[in-house]
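Subject: Structure for your review

Dear colleague,

Please find the structure below, together with its sequence.

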Amino acid sequence: MNKDKTVLLVEDNEDNLIVYRTILDHVGYRVIEARDGEEGVARARADKPDLILMDVSLPKMDGWEATRRIKADEDTRQIPIIAVTAHALDDDREKATQVGCDGYLAKPVAPRRVVEEVERFIGK
């Protein structure tokens, strides 16, 4: 299995990290992790992943601000970012679009749905 596509998982919940990492790894993606928004921005700049799954409720810097910073940076703005949030309200979906998210998943989200959304952006 070739792991030529990298997904950066920015998530502070250990259970969610394990579930998403396991399923993405299983279908053949290379997975790297960040536990807070600041680390997410740093990893995006350092590793240039093919896609970022961004939790919104994060310590240090929330996912909205992390997304803004990644999208404002010339080197990382082309990386698709999928917001993953428990705040499944219409204004959250709108906010996701405003800060530059390319996709949106509301928790709880089935692992298969995560894979489908990742594949939609970067292929299998």
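The notes below go through confidence, the sheet, the helices on it and the backbone.

This is a predicted model, in which local features need pLDDT of at least 70 and side-chain atom pairs count only at pLDDT 80 or more, while totals for chains, interfaces and linings use all residues. Residues are numbered from 1 along each chain as its sequence is written, and side-chain values use heavy atoms, with hydrogens and water left out.

As to confidence, the chain has a mean pLDDT (the predictor's confidence in each residue, from 0 to 100) of 92, and 97% of its residues reach 70 or more. Among the elements of the chain (helices, H or I, of at least four residues and strands, E, of at least two, both taken as DSSP runs and numbered from the N terminus), helix H4, residues 90-99, has the lowest mean pLDDT at 86, whereas H2 has the highest at 98.

The sheet is open and is formed by five strands in the order E2-E1-E3-E4-E5, with parallel pairing; two strands are taken to pair if DSSP finds at least two bridges between them. Strand E2 (30-34) and E5 stand at the edges with a single partner strand each, so one side of each has no neighbour in the sheet. From one strand to the next, the twist averages 20°, where axes are lines fitted to C-alpha atoms, for helices over the stretch in contact, and angles run from 0 to 180 degrees between N-to-C directions.

Strand E1 (residues 6-10) pairs with E3 in the parallel sense over four bridges, and the bridge partner of Val-10 in E3 is Met-54. E3 and E4 are likewise parallel and pair over four bridges, with Asp-55 opposite Val-84 in E4. Four bridges also join E4 to E5, and these two run parallel; here Thr-85 has Ala-106 in E5 as its bridge partner.

Strand E4 (residues 81-85) is largely enclosed by the rest of the structure, because five of its five residues are buried (under 20% relative accessible area, with exposed meaning over 50% and partly exposed in between, for a 1.4 Å probe and protein chains only). In a regular strand the side chains alternate between the two faces of the sheet. In E4 both faces are covered, with Ile-81, Ala-83 and Thr-85 buried on one side and Ile-82 and Val-84 buried on the other.

Turning to the helices, E3, H3 and E4 make a right-handed β-α-β unit, right-handed meaning that, with the strands pointing away from the viewer, the path from the first strand over the helix to the second runs clockwise. H5 lies across E1, E3, E4 and E5, and runs at about 180° to E5; contact here means heavy atoms within 4.5 Å.

Most residues other than glycine have a negative phi, and most peptide bonds are trans. Lys-107 and Pro-108, however, are joined by a cis peptide bond with omega about -5°, and Pro-108 is placed in the loop between strand E5 (103-106) and helix H5 (111-122). Lys-48, although not a glycine, has a positive phi of about 45°; Lys-48 is found in the loop between helix H2 (37-47) and strand E3 (51-55) and is partly exposed, with a relative accessible area of 39%. Lys-60, also a residue other than glycine, has a positive phi near 70°, lies in the loop between E3 and helix H3 (63-72) and counts as exposed at 65% relative accessibility.

With best regards
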